[in-house]
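Colleague: Please take one part of this model and go through it closely. State the cut-offs as you go.

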Amino acid sequence: MKVTFIAADGTVTEVEVDEGQSLMQAAVSHDVDGIIGECGGSMMCATCHCYVDEAWAERVGAQQDGESDLLDCAVSEVRPGSRLSCQIRMTAELDGVVIHLPEAQL
Amino acid sequence: MTAGVVIVGAGQGGFQLAASLRQDGFDRPVTLIGEEPGLPYQRPPLSKAYMADGAGERLVLKPAAFFERAGIERLAGLRVTAIDRAARRVALSDGTQRDYVQLVLATGARNMRPPLPGLDAPGVLGLRTLADAARLRAALVLARAVVVIGGGFIGLEFAAMARQAGLGVTVIEAGERLMARAVTPASSDWFAALHRAMGTDVRLGCAATGVETDAAGRACAVTLADGGRVAGDLILVAAGVRPNVELAAEAGVSVDNGIVVDGCLRSSDPAIFALGDCAAFPLPGAGQVRFESVQAAVEHARHIARAITTGAETAFAMVPWFWSDQGKARLQIAGIAAGADAVQRVPQAAEGGFMALAWAGDRLAAVETVGLAAQHVAARRLIGAPRALIAAAGFDLRQALLAGAER
């Protein structure tokens, strides 16, 4: 399954992701700049902030409990498509999902 | 080869320093030396997600290709055995040496082993490294009854996991309350009730005196100071940690409950920095502190990287936050409760919600919450705020923040 990350400067990185892996883990393990994931996916740090592409918003679904609260700590602008990428798990339905990355995480 | 930065310890802090140096544009050699085999990985999930899913590869911080691309020399499975401060050189366990301009000690901490007979018996385990966690996870499959010695974060996280796996669990804590070093009595009591409701036998004020073995030499029970005995075939020793300061101390670097560093995170030798679990650093308003937290390790690392790269002599500051997952409850902490003189429990309407405020005089020192992420996030920005402003918002931190009660 594939995920496409598009950095704030337009750099496109396509990575192969296993089912059940979070998009934060996918980005970090493929060395995609722009996702940090300092707390390891525990919803404590908001350094894996991402913007789900509008065309995928519905399939990716809504924020988890507490996610919007943590997004208050994000340093880049929070928009309607904002999510913590550690809370998005890869499924067959999300094959090909497009994720935009914010300018900064710290 | 020209000398650059040598980092001793490849935990999350050591790794972050190497990565941040390159991110900040540092162009001299960077060497990252770790005692454990393999790539640097995240430790916090070992007692949490990893215990549930066993997916060790998900803990790796960056793939091997990252270190090659960034030009970071990564030495795994090696120890630094000595520091020659005059020559600015370290000796490694394989007999080689590395010169440094700046040395960063990120040596972390190790589990404390209480002086009890029987702790070497099969069936007695600790939890610190990925290898420890893998052993513990394998043992959990075969175990029937678990005894945890020590009611701190790691012990309680593991106890909850074992209980959820259907095992009988007893937690033995010598102190009068759980997590006493880190949280207020209000949180200690709340979590004792939580674990008891899960069916865990929580024994407070109860000291272990040793581990009994069966005819095959395997651990079968923990004996207690009151003459009692708790049967168990898997015993986790989770009695706290000791900072790894020996390397620094032997080199004549100042040590006092950690490697003593100044506000810029420099040790008594200005060419040597220390970070993370092994570093005792001054935190404005809190005195000299030492944290066992991934946040401190990572923030220290970024600060030191900036100091080395730019020569900036700015003082380090942070609002500490911490978390612990125990069963269905996540404890979130902002600030430091140690040193607070009053604790206030704030009743919550939300089911399963809990909040305790710790006050130092009329200033907010720490906030402990369960199931109230919004309050926790607001708390991070309100540590140090005056009581009057928070009281005016009915002790709702989010409201207090909206009302402009920035510290």
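Modeller: H1(B) and H8(B) are roughly parallel to each other, because angles under 35 degrees count as roughly parallel, over 145 as roughly antiparallel, 65 to 115 as roughly perpendicular and the rest as oblique. Their packing angle is about 30°, and the axes lie 8 Å apart. H1 covers residues 12-23 of chain B and H8 covers residues 294-310. Axes are lines fitted to C-alpha atoms, for helices over the stretch in contact, with angles from 0 to 180 degrees between N-to-C directions. Helices (H or I, at least four residues) and strands (E, at least two) are DSSP runs numbered from the N terminus.

This is a predicted model, in which local features need pLDDT of at least 70 and side-chain atom pairs need 80 or more, while totals for chains, interfaces and linings use all residues. Residues are numbered from 1 along each chain as its sequence is written, chains are lettered from A and ligands numbered from 1 in the order written, and side-chain values use heavy atoms, without hydrogens and water.

The crossing of H1(B) and H8(B) is right-handed, meaning that the near helix is turned clockwise from the far one by less than a right angle. On the H1(B) side the contact (heavy atoms within 4.5 Å) includes B:Gln16, B:Leu17 and B:Leu21. Among the H8(B) residues they meet are B:Ala301, B:Ile304 and B:Ile308. The contact residues divide into 9 nonpolar, 5 polar and 1 charged; Ala, Val, Leu, Ile, Met, Phe, Trp, Tyr, Cys and Pro count as nonpolar, Asp, Glu, Lys and Arg as charged, and the others, Gly among them, as polar.

Chain B also meets chain A, with 24 residues from each chain in the contact. There are 4 salt bridges between chain A and chain B, each a side-chain nitrogen of Lys or Arg within 4 Å of a carboxyl oxygen of Asp or Glu. In one of them, B:Arg398 and A:Asp72 have their closest N and O atoms 3.1 Å apart.
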